[in-house]
Protein chains: 2
Amino acid sequence: MGDTGFRRELAQQLRVDSVRSSSAAGSGHPTSSMSAADLMAVLLDGYLKLDYQNPHDPHRDHLIFSKGHASPLYYAMLKAAGAITDEELLSFRRFGSRLEGHPTPRIPPTDVATGSLGQGLPIAVGVAIAGKQLDRLPYRVWALCGDSEMAEGSIWEAFQHAAWAGLDNLTAIVDVNRLGQTRETMLGWDLDGYAARTRAFGWNAIVVDGHDLDAIDAAYREAIETTGRPSVILARTKKGRGVKAVEDQPGHHGKPLEDPEGAIRELGGERDLTVEVATPDPAGAPHRFEASGGELPRWELGEQVATREAYGEALAALGAIRGDVVALDGEVSNSTHSELFARAHPDRYFEMFIAEQQMLAAAVGFQVRGWVPFASTFAAFLSRGYDFIRMAAISRANIRICGSHAGVSIGEDGPSQMALEDIAALRAVEGSTVLHPSDANQAARLTAAIADRPGISYLRTLRPKTLVRTAPDEDIRIGGSRTVRSSDDDEFAIVACGITVDEAEKAADSLASEGVRVRVIDCYSIKPIDAGTLGAAARETGAIVTVEDHWPQGGLGEAVLSALAEEAQHQPVIKLAVRGMPVSGTAAELMSAAGIDAAAIVAAVHRLSRARTHA
Amino acid sequence: MGDTGFRRELAQQLRVDSVRSSSAAGSGHPTSSMSAADLMAVLLDGYLKLDYQNPHDPHRDHLIFSKGHASPLYYAMLKAAGAITDEELLSFRRFGSRLEGHPTPRIPPTDVATGSLGQGLPIAVGVAIAGKQLDRLPYRVWALCGDSEMAEGSIWEAFQHAAWAGLDNLTAIVDVNRLGQTRETMLGWDLDGYAARTRAFGWNAIVVDGHDLDAIDAAYREAIETTGRPSVILARTKKGRGVKAVEDQPGHHGKPLEDPEGAIRELGGERDLTVEVATPDPAGAPHRFEASGGELPRWELGEQVATREAYGEALAALGAIRGDVVALDGEVSNSTHSELFARAHPDRYFEMFIAEQQMLAAAVGFQVRGWVPFASTFAAFLSRGYDFIRMAAISRANIRICGSHAGVSIGEDGPSQMALEDIAALRAVEGSTVLHPSDANQAARLTAAIADRPGISYLRTLRPKTLVRTAPDEDIRIGGSRTVRSSDDDEFAIVACGITVDEAEKAADSLASEGVRVRVIDCYSIKPIDAGTLGAAARETGAIVTVEDHWPQGGLGEAVLSALAEEAQHQPVIKLAVRGMPVSGTAAELMSAAGIDAAAIVAAVHRLSRARTHA
């Protein structure tokens with residue numbers, strides 16, 4: 001056991017520095033920091049193995065502040081560990097500072113951004129899985145959780161999965177300070193209630209007084225010594241601990257203290273202690289999976305193949321070509337076809353069951369350790385994890401998401417299974433890539449292309465088979481497009497993606513029979529979009545029809561409108577997209593009802609043609 | 001107890017009809033239906049109180065199929081109850097049929113759409129709260145859950161909240177058939193594991209053999225007799241029960257049986273039983289809250305007020321004006337200002353803690369019973385419940401959502417707390433309304449306007465105070481806009497919303513000092529949008545700048561581009577929106593860095609001006 005006296009002083013320093021930084025900022029969460037200061041002092045002094053000067057060390061422990069609003073405490077720990085100066089500590093929340101209101105990876109060794117409650121623990125589960133099954137290194141993962149966030153379902157997805165996966169390298173520390181933002185939590189200080197829940201979920205639960213340094217020490221020791229299952233330390237604490245004016249008082253959430261000088265005096269004044277944080281055990285290189293080699297699948301022109309199947313085949317091939325690719329699925333791998341990867345590379349496939357939030361969080365956790373995750377489910381159910389995708393972008397995470405069963409073309413299953421908002425949602429993610437291949441060769445090439453793409457990459461696949469129109473060696477790339485047909489005297493251009501490329505081609509055939517020449521552009525890369533080709537099409541043909549199996553908002557049509565605006569092209573555009581709530585039916589019936597089939601495209605071209613004649 | 005022999009026959013009929021409808025459709029989930037047939041036979045015959053001819057009866061029970069893919073069973077129950085004919089049963093999944101692949105309210109008495117797992121139980125919690133605390137009627141709520149969906153965090157939000165709220169009028173029935181879509185669930189047939197978890201969450205857990213009709217009967221009786229807490233019936237069942245070829249076999253999820261005729265024979269052939277479902281007890285009229293009257297708040301021109309505060313004041317006033325308005329919040333009511341409603345109408349305010357999915361589900365549950373819910377949290381955290389919003393639209397639910405703390409203008413808290421994708425996400429919901437008032441009078445009027453709006457209404461509010469520019473009696477309405485300044489010879493138009501209206505006005509002042517006249521339009525209604533005014537502005541000024549505190553995708557700018565395309569206006573548009581990942585800082589610093597402040601607007605107008613000169 002460490003020196004209790006030193007730890008007591010260290011904990012007070014963490015409190016004082018939390019008060020100082022939030023007072024300097026004029027905002028922040030000192031009271032939520034003070035409750036967990038003793039927990040973090042003991043962790044930092046006795047248990048965490050992390051060389052703060054060497055954040056890229058693969059052997060180091062990971063500490064994730066799931067209660068991201070306790071950032072003053074987190075930054076105070078960085079100072080105590082010598083990772084930042086006191087001056088930087090006091091730059092908290094200022095423009096340009098690495099010390100943002102909630103932690104982000106801008107300040108090493110922070111692995112991920114937190115601040116949306118209930119995300120840190122599921123991400124920690126991902127890092128812990130990486131430790132046990134991918135890196136195969138003995139590092140530990142520690143997650144500091146708030147008690148308010150125990151109300152988030154995602155926390156229970158994490159408890160569930162971690163126990164199922166036997167993650168004894170993971171320790172959750174719950175700072176049960178009883179008080180949320182406006183009131184007492186549902187469980188208050190019912191520590192036994194938390195213990196019963198977490199034990200029922202398969203964890204080793206340890207209840208402690210979160211201000212008893214020796215009890216905390218014993219709890220960490222027990223956590224480390226517990227094998228076969230994760231441990232949770234349920235710590236009874238007081239919010240604002242150490243300063244009478246705020247200790248265990250409601251009404252002080254998320255505010256600097258009113259009398260910081262008095263508070264600092266009450267806490268024993270400023271200190272300048274430095275902790276010698278334990279360095280990680282050198283434990284050999286991280287495990288690497290052998291790459292047996294091979295090539296991406298190819299399909300011949302004219303074949304009928306579903307892009308979701310091409311994704312699965314390409315992913316399996318990619319797994320053979322490179323050993324860093326791993327896959328996750330939300331228990332629909334025979335629908336997304338990630339099962340092909342699972343069969344080929346069972347050691348690198350992770351079944352996340354029907355828990356999309358945990359699936360995406362695990363992907364974020366895997367990439368923390370440099371793995372290249374591909375996570376798949378029905379595109380409609382990605383909406384369940386949208387907050388995790390949003391936060392993954394703030395984490396500067398590199399993850400790849402495949403959403404299958406896009407649009408009304410799935411047919412009989414009905415609207416609950418149809419993704420019609422996914423392009424809008426995924427485009428509206430900072431730095432994201434949004435791809436929607438129309439055929440198997442495109443899908444395979446784009447699957448490979450996103451493996452090295454930074455940020456959030458999204459590949460949208462189709463349930464039905466589509467005609468292979470793209471030659472296997474054609475140049476298919478992020479930011480590209482494919483001109484399916486064109487001539488020098490095209491009168492109109494149709495911009496389609498995915499299933500609507502088939503419809504566009506049918507429409508073009510029909511229009512050709514009327515003597516109307518149209519260009520057809522397969523806009524498989526929606527973000528970034530091929531603005532040059534679209535701008536040229538607008539300029540050369542004079543009018544555009546966009547057509548997509550997606551709501552009219554935020555999808556292909558609006559991406560095209562934005563691109564044309566940026567290209568300073570001002571031609572007429574008719575946007576065809578799904579109108580009205582779909583029902584069950586065949587793909588053809590539903591595309592017709594939605595107004596996105598060949599007939600609708602022909603009608604739109606006729607409207608443009610009439611407008612042109614009248615102009 | 002009912003007649004076990006009849007129930008046995010009824011259960012077989014439910015199985016046979018599940019086989020028949022899915023075979024007629026060529027798709028569907030008969031095996032997931034067959035496992036729960038005994039559970040539903042006993043419920044229908046002995047416990048459910050529902051006059052299927054009178055679905056609007058306020059006294060009736062509610063049955064929610066959280067495992068929506070068991071729709072063949074659900075529709076077979078409708079037939080057995082005399083609510084549909086055998087002919088309609090066999091229209092399952094056909095275009096035009098009310099019997100969609102997953103249940104929707106198109107077929108009464110279905111309350112809500114299900115099919116995205118983990119949503120039915122949280123919605124049932126909402127209906128049960130309505131029964132106890134709003135309607136104050138003794139109806140019961142029954143939710144049939146699958147065991148696969150027990151992996152969804154939202155299910156645990158529901159378990160948590162229902163126990164906290166003491167919902168003894170709620171019974172969850174978990175069909176533990178052990179098999180998911182591709183494999184065994186995490187818990188398999190570990191019924192004790194489920195019992196331990198649900199008991200730890202505060203429920204009365206009853207473990208039964210889900211094919212023992214008498215045991216099921218006893219379980220329902222115990223559930224009804226249990227007071228003070230909800231009951232869960234954990235039923236050990238076999239998927240595909242009754243047909244050897246599929247019973248308890250993997251590989252048969254979501255497929256019609258291969259030999260339906262043989263299966264029907266094995267199940268004893270077709271039957272045509274009708275159940276006399278118990279009619280509800282007449283129990284007086286639903287409770288109504290008294291409306292004390294009053295008026296919406298008004299602010300004088302020139303005041304500085306945050307729109308989030310105006311929302312809270314307006315909501316509290318609305319609660320006095322009408323007794324059907326209720327409010328929910330995700331434990332941030334002092335930030336969203338729904339606390340003003342909570343204080344004024346404590347009986348109609350529901351604290352949902354940090355569980356956004358459960359909050360939105362409860363709102364959907366409340367409106368099932370005709371209440372007018374307003375649910376609020378930080379707009380960023382609505383992304384946590386996006387799937388619930390998506391499904392609420394399929395449920396044809398009328399709910400109102402207020403998201404506060406929009407955009408980079410929140411300042412120091414950093415990007416995790418900034419909603420920058422919410423307009424894109426909420427626009428991409430069928431039939432939705434998206435409003436973003438720039439001042440207090442607008443916020444108040446729009447809060448009142450959405451009370452009677454069908455579908456999903458979204459009101460986006462701001463953290464900082466803004467200048468009241470709208471006179472209290474001005475015509476502010478859904479679909480409207482406000483021309484802040486204009487003249488007959490405006491050279492450019494700036495279209496702004498929310499915080500950027502202030503910036504647009506500053507820019508207009510600055511441009512005016514250069515002799516450049518611009519029109520400023522406050523586009524507070526983003527969906528529906530005031531296309532007429534925007535089209536006229538484009539036509540009359542010849543060029544538009546849009547500016548929004550949101551990502552460039554799917555927000556105001558693209559809504560304007562779509563509107564102009566529909567209005568056949570083809571003028572140049574420059575879209576200003578947040579570029580790059582924001583950090584912490586002051587609102588002014590962050591708006592400048594994002595390129596959405598007055599200086600950026602002026603620069604954009606200069607660019608348009610130069611382009612015009614060169615053209």
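## The sheet of chain B

In chain B of this predicted model, five strands form an open sheet with the order β14-β16-β15-β18-β19 and mixed pairing, where two strands pair if DSSP finds at least two bridges between them. Strands (E, at least two residues) and helices (H or I, at least four residues) are DSSP runs, numbered from the N terminus. At the edges stand β14 (482-485) and β19 (573-576) of chain B, each of which pairs on one side only. On average, neighbouring strands of this sheet are turned by 20° against each other, direction ignored.

Within the sheet, strand β15 (residues 492-496) of chain B runs parallel to strand β16 (residues 518-522) of chain B, and five bridges join the two. Along this pair, Ala496(B) stands opposite Asp522(B) in β16(B).

## Helices on the sheet

Helix α18 (residues 500-513) of chain B lies across β14, β15, β16 and β18 (544-547) of chain B, running at about 170° to β16(B). Helix α20 (residues 556-566) of chain B also packs on the sheet, touching β15, β18 and β19 of chain B, and its direction makes about 160° with that of β19(B). Here contact means heavy atoms within 4.5 Å, while axes are lines fitted to C-alpha atoms, for helices over the stretch in contact, and angles run from 0 to 180 degrees between N-to-C directions.

## A largely enclosed helix

Helix α8 (residues 191-200) of chain B is largely enclosed by the rest of the structure, because seven of its 10 residues are buried, that is, under 20% relative accessible area (1.4 Å probe, protein chains only). Among them are Leu191(B), Tyr194(B) and Arg197(B). What covers the buried residues of α8(B) includes α7 (153-164) and α8 (191-200) of chain A, together with α7 (153-164), β3 (170-176), β4 (204-209) and β5 (231-236) of chain B. After α8(B) comes Gly202(B), whose phi is positive, near 95°.

## How the two chains are related

Chain A can be laid on chain B with an RMSD of 0.0 Å by a turn of 180° and a shift of 0.0 Å along the axis, the superposition being by least squares on the C-alpha atoms of residues with pLDDT of at least 70 in both. The two copies are thus related as by a two-fold rotation axis. Because 100% of the interface residues of chain A are also interface residues in chain B, the copies meet through the same surface.

## Notes on the model

Residues are numbered from 1 along each chain as its sequence is written, and chains are lettered from A in the order in which they are written. Local features need pLDDT of at least 70, side-chain atom pairs count only at pLDDT 80 or more, and totals for chains, interfaces and linings use all residues, while side-chain values use heavy atoms, with hydrogens and water left out.

Methods:
Buried means under 20% relative accessible area, exposed over 50%, partly exposed in between (1.4 Å probe, protein chains only).
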